[in-house]
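The report below is meant to be read alongside the sequence and the coordinates.

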Amino acid sequence: MKPAIRVAVTGAAGNITYSILFKIAAGEMLGKDQPIILNLLEIPQAMGALRGVAMELEDCAYPLLQEINIFDNPEQGFKDVQYAMLIGARPRGPGMERKDLLEANAAIFSAQGKAINDHANREVRVLVVGNPANTNALIACRNAPDLNPNQFTAMTRLDHQRTQGILGNVLGANSKDVKGVIIWGNHSATQFPDLHHVHVHGKPALESVDEAWYREKFIPIIQQRGAVVIKARGASSAASAAQAAINHMRDWALGTGDDWVSMSIPSDGSYGIKKGIIYSFPVRCNYGRYEIVQGLDVNNFSHEKMIATQNELLEERSAVEHLLPPETAARMEDPFGRANTTEVTQLDDECLRAGPQIVKTDRVI
Ligand code: NDP
């Protein structure tokens with residue numbers, strides 16, 4: 001049997017996690033033969049609800065789920081974790097300005113970044129889902145001076161999958177045959193869903209749809225999809241966000257196969273995008289690493305959109321600049337530097353040296 005992998009999930013009593021946790025435990029993220037230890041984190045007020053979720057996980061009797069641990073502090077919660085999914089975030093309250101929201105989350109994600117830096121496995125892979133996800137990921141990354149910046153990512157996979165799903169439907173194709181989608185930039189309304197490299201059954205998508213329809217209708221449909229789902233069902237798109245987070249981590253860990261995916265990662269200057277921000281690029285993953293797909297043509301229309309969403313991320317960074325440790329700024333200049341020489345070192349952890357353990361129910365109730 002493989003050694004168990006320790007996965008931390010924050011906001012673990014929330015809506016998105018109510019889908020994610022059961023998928024992770026069933027082996028949908030890291031493989032059907034991969035035992036899992038779950039470290040679930042919540043704020044102190046939500047620990048009661050979290051206990052209920054943990055009980056339900058136990059009640060599923062998942063063969064792969066070796067331990068369920070619940071925490072109300074990041075220092076213990078991130079100890080030895082190999083995957084960290086940061087989903088809990090402060091929602092926008094009444095009268096809250098965007099800057100207030102950025103600052104409230106900056107406090108949460110800087111504490112989490114520090115705790116991950118000090119306590120997680122050295123090869124930890126971090127995915128930020130809690131919004132504003134890209135800037136929250138930057139804050140966590142900048143507060144983790146001992147880790148590689150490229151260990152911190154944010155989620156644009158939902159936008160990527162929305163593009164595949166909706167375009168596939170329009171063209172009467174299965175979403176798996178919609179290949180070459182790119183989401184550039186921020187997970188926000190400025191994101192740029194790029195169809196210029198999309199092929200459906202080998203045929204360029206932009207030969208099958210009207211260019212004006214793509215620019216004027218399709219792009220806003222993807223950019224506004226979250227709001228439209230909320231309006232239609234009276235609640236946010238939690239299940240699709242959960243599926244996207246699972247797919248993001250699965251592909252990062254196990255590889256992307258014959259297509260690329262969109263991941264928000266520290267910019268290394270590719271495609272002229274400024275360094276120092278977490279920006280969504282097309283990436284291929286293999287052997288637990290990712291690399292940006294290079295050499296794609298970018299026309300004037302695309303370039304303008306890519307810069308607009310970059311500029312929004314630069315503005316978000318300015319709003320929290322005073323909370324970013326200046327000494328970690330230079331590391332963002334070479335986010336891929338050391339990573340190309342590292343190897344996965346899961347076996348370094350004390351918990352894994354101890355070998356597989358039976359479920360410890362006393363930790364839950
Ligand atoms: P959800 O589980 O619905 O959402 C969690 C976060 O994911 C939000 O920031 C949300 O952003 C974001 N998100 C990203 N993509 C999507 C998407 N497609 N659809 C919906 N959300 C998306 O929130 P809940 O309120 O149900 O749960 C959050 C949990 O986090 C709570 O249990 C709370 O106790 C916890 N929490 C933890 C904190 C911490 O760790 N310190 C701080 C605050 C809360 P958006 O708001 O823009 O929808």
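Helices (H or I, at least four residues) and strands (E, at least two) are taken here as DSSP runs, numbered from the N terminus. On that basis the protein chain has 11 helices and 14 strands. The radius of gyration, taken over C-alpha atoms, is compared with a globule rule of 2.2 Å times the number of residues to the power 0.38. For the protein chain the radius of gyration is 20 Å, close to the 21 Å that the rule gives for 365 residues, so the chain is as compact as a globular protein of that length.

This is a predicted model, in which local features need pLDDT of at least 70 and side-chain atom pairs count only at pLDDT 80 or more, while totals for chains, interfaces and linings use all residues. Residues are numbered from 1 along each chain as its sequence is written.

Along the principal axes, the C-alpha atoms of the protein chain fill a box of roughly 60 × 45 × 45 Å.

Two helix pairs are set out in the table, with axes being lines fitted to C-alpha atoms over the stretch in contact and angles running from 0 to 180 degrees between N-to-C directions.

| Helix pair | Axes come within | Crossing angle |
|---|---|---|
| α4 (residues 98–119) and α10 (residues 300–320) | 9 Å | roughly 65° |
| α1 (residues 15–25) and α9 (residues 238–254) | 8 Å | roughly 45° |

Two residues are in contact if their C-beta atoms, placed from the backbone, lie within 7 Å. Lys-99, Leu-102, Glu-103 and Ala-106 in α4 meet Glu-316, Ala-319 and Val-320 in α10. By class, this contact of α4 with α10 has four nonpolar, no polar and three charged residues, where Ala, Val, Leu, Ile, Met, Phe, Trp, Tyr, Cys and Pro count as nonpolar, Asp, Glu, Lys and Arg as charged, and the others, Gly among them, as polar. In the other pair, Asn-15, Ile-16, Ser-19, Ile-20 and Lys-23 of α1 meet Ala-238, Ala-239, Ala-241, Ala-242, Ala-245 and Ile-246 of α9, and the contact of α1 with α9 has eight nonpolar, two polar and one charged residues.

Met-155 lies in the loop between β6 (152–154) and α6 (157–171). Met-155 is buried because 29 other C-beta atoms lie within 10 Å. Leaving aside residues up to four places away in sequence, Met-155 touches Leu-127, Val-128, Val-129, Ala-133, His-187, Ala-244, Ala-245, His-248 and Ser-264.

Notes: Buried ≥ 20, exposed ≤ 12 C-beta atoms within 10 Å, placed from the backbone.
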